[in-house]
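Hi,

Here is the structure I promised to pass on. My notes follow below it.

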Amino acid sequence: MYSPLIKEYTYYTLFPNGFCLFIYENNTNKYTYLKADWVKSIGKIIYHIKGNIKIMNSNGYFVKTEEIFWNRKQKKIFNEKYTMIYNSDGTILHAINGIEASENFKKIKLKNISGTLPLI
């Protein structure tokens with residue numbers, strides 16, 4: 001993890017200038033990358049993440065949104081904001097009313113979607 005400024009409080013940690021985070025999978029060279037402009041961590045379990053969020057993982061998914069919540073205990077991410085998902089196969093999905101997904105993106109639920117799918 002990299003952050004230019006970290007503020008520790010009794011019940012939460014604040015990253016007011018954002019952070020970059022690499023999450024490595026056990027016993028592999030695979031990782032997920034997360035970058036955002038502002039982050040609040042509550043007990044290192046719940047993360048409230050805002051501003052220019054970019055998430056990339058080794059499965060070829062690239063996610064862009066403006067706000068997301070990450071529950072590390074349940075290994076889920078979710079929001080009710082416009083979210084774009086790009087896949088390395090050329091698929092582009094627009095979730096108008098948000099996303100619910102496992103943190104590794106193996107399970108994804110998109111709300112009110114549209115998109116572009118490649119023809120094979």
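Where is Phe22 found? Phe22 sits in strand β3, residues 19–24 (strands are DSSP runs of E, at least two residues, numbered from the N terminus).

Before going further: this is a predicted model, in which local features need pLDDT of at least 70 and side-chain atom pairs count only at pLDDT 80 or more, while totals for chains, interfaces and linings use all residues. Residues are numbered from 1 along each chain as its sequence is written, and side-chain values use heavy atoms, leaving out hydrogens and water.

Phe22 is partly exposed because its relative accessibility is 39% (buried is under 20%, exposed over 50%, partly exposed in between, with a 1.4 Å probe and protein chains only). Together with Tyr24 and Tyr31, Phe22 forms a nonpolar patch on the surface, with about 320 Å² of accessible area (Shrake-Rupley method, 1.4 Å probe; patch residues have over 30% relative accessible area and no salt bridge, and nonpolar side chains are joined within 5 Å; a salt bridge is a Lys or Arg side-chain nitrogen within 4 Å of an Asp or Glu carboxyl oxygen).

Now the inside. The largest nonpolar core has 18 residues, and those touching the most other members include Phe19, Val39 and Ile49 (core residues are buried and joined through side-chain atoms within 4.5 Å). Strand β6 (46–57) gives the most to this core, with four residues.

Asn52 lies in strand β6 and has a positive phi of about 50° although it is not a glycine. Lys75, in the loop between β7 and β8, also has a positive phi, about 55°.

Best wishes

Terms used
Patch = residues over 30% accessible without salt bridge, like charges linked within 9 Å, V, L, I, M, F, W, Y side chains within 5 Å.
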